[in-house]
Structures are given as structure tokens and as C-alpha cells.
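Please keep the sequence and the 3D view at hand while reading.

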Amino acid sequence: MTGGPTAGVDIGGTKIRAAVVTADGAVLASATAPTPSGGAAMLDVAAGLVAQATATARVRVAAVGVGAAGVVDPVTGEVLAASDSFVGWVGTDLRGGLAARTGLPVTVANDVDAFLVGEATWGAVRGVRSAAGIALGTGVGGALWLDGALYRGAGAAGEIGHMPGFGDARCTCGQRGHLETLASGRSVERRYGEAVAAGGSGGVGSREGSGAVVGAAEIEARARAGDAAAARVLADAGRAVGSAVLVLAALLDVGHVVVGGGLAHAWDLLEPAIRARLDDEPPVSGHMIEVRRAVLGGDATVVGAAALAR
């Protein structure tokens, strides 16, 4: 435990970010670099960014917390699983490797776990006793905050992105019908492309050339401009998230869910579909489920990781 600044590190598929965070959640300084290939190189970059951020902040940090993509063993600190976009990441001793490079004690967690800790400590669900976190990014991640603490299980608790029962499309993990096939940025792009190819767009998307890939941010813009296919795939994503929230509520009786990630930028397009799904089949407990958009943005994971280190 420490009352002074700690460092938080967010290790993602495209970039690594380190920040110096005070005991009240303020980011004093941060540094970012592209994510290299290979576990050793990723740890080298992470350690260098911690040093850079602390030098900029002109303070000493007592510990480092890391939120890393993939499944991380909370006991050993080893990366147990990751998507195929990470080369040489599985099997990396994240805790030991970064501790050796920084000379500081290191606490490790999955990046969505750290995101939820950030939102529960300083963000949208601050002061809430129990909540679930959902991150809608390239994939779909999940995390659990139960009775005032992060619940990690064996390392993958709350990972609802690979919950089955959502159709028959093939998931990035190789299986079929997972939540990620409807509610991730990648799946929104795929499904929109399929709709356009089939002539199902009622707006600007109908003019898209054959085989072109349209990004999630552009799909969001097109939905607001009246593109029916874009609006439909985002509504489908929202309904799928709503179904996942109902499962979480049935199993854990959590009354609060915070949603973040890049796709959450389309919150005004997602939330009505999420809420409609919850209204269709309210929990048997009769308790309302409050679904909130994350408020910490890109700081959530580093702030949460720093809080875990504290």
C-alpha cells in the first residue's frame, strides 16, 4: 500500500502507454509508443515508458500496475492467452519481467480488469459496491467488480466476449456464436460490409465499392447520416450487449454495468437498443439494471492499473 504516486501501464495491440498517477486519480504525466512484436520487446518498451513518464512528472513511484491485453494469471503474472495479433506474448512473465526492468514491485491484470478498476475507483461506477465492465473494442472484453473489489477468478472472470448463444458466425477464437461476433468493432465492420454487399444499405453505404472495408467510426457517422444498414448493425450490437447484461444480472445480481471501448463512442446509437433489450426481459429480482457509459476515456486502464498497484 502506498499513498504516493504509482505508475499505470496499458499494454494494447497497437500501443503501450504508461502514466504516473496520484493517490486521487490524477494523471501527472504519460508516455506512449507503438507495441512491438515479442514479449521481451513489449516489456522493454513498457519499462522505458515508465521511466519516461516518471522523469517528466519529476516524481518517484513506489509501484507499477499493468493492464495487459490477453488472459493474465493473477498469481504467477504469466500471460496465459492472447489474440493472434500478439506475437510471442503468450507465456511471457509479465510481472517478473517488468519488475526486473524497473526495479519496482509490479501488479498485473487484464486490461479490461484495469479499465473497470479505474471506472470503479474514479469513474462512472465510483462508489458502487458491485458492477460489471464491458469494453467494446476490436473485440469484446469483460470484468467484474464484486463487493468492492476486482474479482478475477483464475484470470479470465467476466470475459463475456466469448459467451456463446449469439448466432452462428465464426469468432476470432475459432468457435461460433460468441458475443464478440455481434458487438465488437471488428464484427460491426464485417456485418456492415456484408449488408452493403447484399444491397441492404438504405443510405450512403449503398454507394460503397465492392470489397472495401469501412471502419467502425465511419459506420457510426453513416448511421447518423441516415444509412439504414449502419444503424441496423449498431442496433444489433446494442441488443447483443443487452442480452449479455441480462445474463450477468441473472448470475450475479449486479445492478450497474459500465460500457467503454472505441465502439462506445456510438453510445447514443447503442444505448436505446441496450435499454430496449433490458426492458423486454427485466431481471426476475425486479431490480433495475443501470447501464452507464465509461467516463475516463483513454485514462481508464492506466488509472485502474495504478490503483491496483496502490
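In this predicted model, helix H5 runs over residues 185-197, and its 13 residues reach 18 Å from the first C-alpha to the last, close to the 18 Å expected at 1.5 Å a residue. The points below take up the buried residues of H5 and then turn to His178 and Ala244.

**Helix H5**

- The buried residues in H5 are Gly185, Ser187, Val188, Tyr192, Ala195 and Val196, and because they cover an arc of only 165° around the axis, they lie on the same side of H5.
- An α-helix has 3.6 residues a turn, so residues three or four places apart point the same way.
- The buried residues of H5 pack against H4, helix H6 (216-224) and H7.
- After H5 comes Gly199, which has a positive phi near 80°.

**His178**

- His178 is found in the loop that lies between strand E10 (149-151) and helix H4 (180-183).
- Its relative accessibility is 4%, so His178 counts as buried, the cut-off being under 20%.
- Not counting residues up to four places away in sequence, His178 touches Gly161, His162, Met163, Pro164, Phe166, Cys171 and Cys173.

**Ala244**

- Ala244 belongs to helix H7, residues 228-252, and is buried, with a relative accessible area of 0%.
- Leaving aside neighbours within four places in sequence, Ala244 is in contact with Ile160, Phe166 and Leu179.
- Ala244 and Arg277 are 33 residues apart along the chain, and their C-alpha atoms are separated by 9.9 Å.

Terms used:
Residues numbered from 1 in each chain as written. Predicted model: local features only at pLDDT ≥ 70, side-chain atom pairs only at ≥ 80, totals over all residues. Heavy atoms only, no water. Helix = DSSP H or I, 4+ residues; strand = E, 2+ residues; numbered from the N terminus. Buried < 20%, exposed > 50% of the residue type's maximum accessible area, 1.4 Å probe, protein only. Contact = heavy atoms within 4.5 Å. Expected span 1.5 Å × (residues − 1). Arc of directions from axis to C-beta.
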